[in-house]
Amino acid sequence: MASTNHCLASLARLSLSTPARPTVGPIIPKFLVPSVATPQVRHASGGGGGGMRKKPVKKKKTYKTYRSYDLTPMEQFTLCDAMRYLRAAEVGRPPTTVKYDLAVKVKTHKSGPVLRNAIRLPFPVKTDTRIGVICPEGSALATEAQQLGAVAVGEETLFEAIRRGEIAFNKLICHTDSQEALKQAQVARILGPKGLMPNPKRGTITSDIKSTMQDLIGADEYRERTGVVRMAVGQLGFTPQMLADNIKALMSKLKDNINQLDDNMPKAIDEVVLSTTNGPGFSLNGNFAPTDDKVKPEHLATVM
């Protein structure tokens with residue numbers, strides 16, 4: 001009887017125990033199963049301790065002076081050679097509207113004083129003042145006035161244009177040799193109301209066409225910006241000698257300005273580049289004559 005109760009108790013314990021999961025497939029020993037490594041996530045932290053740190057930003061190198069380059073391997077040009085190429089780039093454009101521009105690069109400190117002044121060039125460049133000159137037609141005076149930038153020159157042809165109302169100028173001067181012709185033309189009633197009638201008291205009747213035109217046009221201002229002084233130094237119709245005279249005057253003025261500055265902030269002229277309104281820039285070497293023997297400076301003096 002005892003053995004029967006013992007067997008029933010064993011059966012009861014087996015029925016209350018957790019049933020074993022059925023196994024599918026062959027049983028693989030645990031030591032043969034490869035272990036899968038759990039990926040570890042590392043978080044960046046701003047403070048000291050673990051985590052990925054950001055790379056420090058590399059600071060840009062700062063310069064106290066504006067950058068300059070070694071001009072030794074660079075090709076540079078004489079004034080006539082540069083004018084020859086620039087005039088080729090401006091073919092077909094009006095010679096009085098296209099300008100020669102000069103860029104003078106200066107070795108200087110960024111925090112130093114800037115070059116700033118005004119200069120009256122030997123041959124005016126401005127076009128906002130349009131000057132007409134009454135002088136004998138076909139004379140040397142007429143040629144000089146045209147080279148100086150006069151938009152209208154002559155006597156009877158100029159008077160006829162005034163009578164027709166074709167006034168292309170906003171300033172009018174008269175040479176003393178043409179003063180009598182001006183009186184006989186009877187154009188005062190047209191020029192007077194416009195304030196264009198030449199008058200000795202105003203200095204517009206003169207024997208010195210060049211100085212009077214320069215006084216009417218006035219001085220040109222220049223200012224250094226980021227180590228460069230830029231200024232218009234001529235019109236496309238200028239001769240090489242006219243352009244050379246203007247460049248020499250500007251360079252002399254700049255050197256005088258530099259000599260007047262404090263020695264603690266030295267400046268020096270580094271490079272001079274000539275360009276035109278629509279053309280490229282040519283670095284000048286300081287010489288005047290063309291390198292091609294077949295090209296003469298007077299060949300570049302023809303008005304296009």
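## A lysine over a ring

Lys210 sits over the face of Phe123, 4.9 Å from the ring centre. This is a predicted model, so keep that in mind for every value that follows.

## The aromatic pairs

How many aromatic pairs are there by the ring-centre rule? The count comes to four. One of them joins Phe77 and Phe282, edge-to-face, with 5.0 Å centre to centre and 90° between the planes. That pair connects distant parts of the chain: Phe77 is in the loop between α1 (2-16) and α2 (79-89), while Phe282 belongs to strand β10 (residues 282-283), 205 residues apart. Is Phe77 buried or exposed? With the cut-off for buried at under 20% relative accessible area, Phe77 counts as buried because its relative accessibility is 15%. Phe282, at 12% relative accessibility, counts as buried too.

## Strand β1 and its partners

Strand β1 (residues 99-107) runs antiparallel to β8, and seven bridges join the two. Within that pairing, Asp101 stands opposite Ala232 in β8.

β1 also pairs with strand β9 (residues 268-276), in the antiparallel sense, this time over eight bridges. Which residue of β9 is the bridge partner of Val106? That would be Ile269.

Gly227 is found in the loop between β7 (220-225) and β8. Why does Gly227 count as buried? Because its relative accessibility is 2%, and the buried class covers anything under 20%.

As for what surrounds this glycine, leaving aside residues up to four places away in sequence, Gly227 touches Tyr66, Val104, Lys105, Val106 and Thr108. Gly227 and Lys107 are 120 residues apart in sequence, yet their C-alpha atoms are 6.9 Å apart in space.

Methods: Residues numbered from 1 in each chain as written. Predicted model: local features only at pLDDT ≥ 70, side-chain atom pairs only at ≥ 80, totals over all residues. Heavy atoms only, no water. Phe/Tyr/Trp six-rings, centres within 6.5 Å; stacked < 30°, edge-to-face > 60°. Helix = DSSP H or I, 4+ residues; strand = E, 2+ residues; numbered from the N terminus. Buried < 20%, exposed > 50% of the residue type's maximum accessible area, 1.4 Å probe, protein only. Lys NZ or Arg CZ within 6 Å of the ring centre and 35° of its normal. Contact = heavy atoms within 4.5 Å. Pairing = 2+ DSSP bridges.
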